[in-house]
Amino acid sequence: MVRHALPWSVGWYEHDEEELRDELVAWLLGHAATRLREAGAPADLRHRIRLLGLTGEERWTDPHWPGYR
C-alpha cells in the first residue's frame, strides 16, 4: 500500500495537510539530499528521498522502489 499522508495529524486550525506535505517534499528534494550525502547517510535513505521526486511509471519502475522486481 502506498501512503501519501503525513506521518502526523494536522488539525483543522492548522495549515492544509496537502500544502504541508508539498512543502516537506520540496524541502527534502531541495536540501535534505545534499545534507544526507555530506553526512554520510546510507545510500538506501538517499534513494528513498530521491524517489519522492519521481512520479508515475518512473517511480514504480525505479530499481530502488520498495518491492521492485
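Helix axes are taken here as lines fitted to C-alpha atoms over the stretch in contact, with angles running from 0 to 180 degrees between N-to-C directions. The model is predicted, so local features need pLDDT of at least 70 and side-chain atom pairs count only at pLDDT 80 or more, whereas totals for chains, interfaces and linings use all residues. Residues are numbered from 1 along each chain as its sequence is written, and side-chain values use heavy atoms, with hydrogens and water left out.

Helices are DSSP runs (H or I, at least four residues), numbered from the N terminus. The axes of helix 1 and helix 2 (residues 43–51) come within 10 Å and cross at roughly 170 degrees. Helix 1 is therefore roughly antiparallel to helix 2 (angles over 145 degrees). In contact terms (heavy atoms within 4.5 Å), Leu28, Leu29, Leu36 and Arg37 of helix 1 meet Leu45, Arg46, Ile49 and Arg50 of helix 2.

Helix 1 also shows a kink of about 45 degrees centred on Ala32; the bend at a residue is the angle between axes fitted to the seven residues ending there and the seven starting there. Just after helix 1, Gly40 adopts a positive phi of about 80 degrees. Ala41 lies in the loop between helix 1 and helix 2 and is buried, with a relative accessible area of 12% (buried, under 20%; exposed, over 50%; partly exposed, in between; 1.4 Å probe, protein chains only). Residues up to four places away in sequence not being counted, Ala41 touches Leu36 and Arg46.

Trp60 is partly exposed, at a relative accessible area of 37%.

Technical notes:
Helices (H or I, at least four residues) and strands (E, at least two) are DSSP runs, numbered from the N terminus. Angles under 35 degrees count as roughly parallel, over 145 as roughly antiparallel, 65 to 115 as roughly perpendicular and the rest as oblique.
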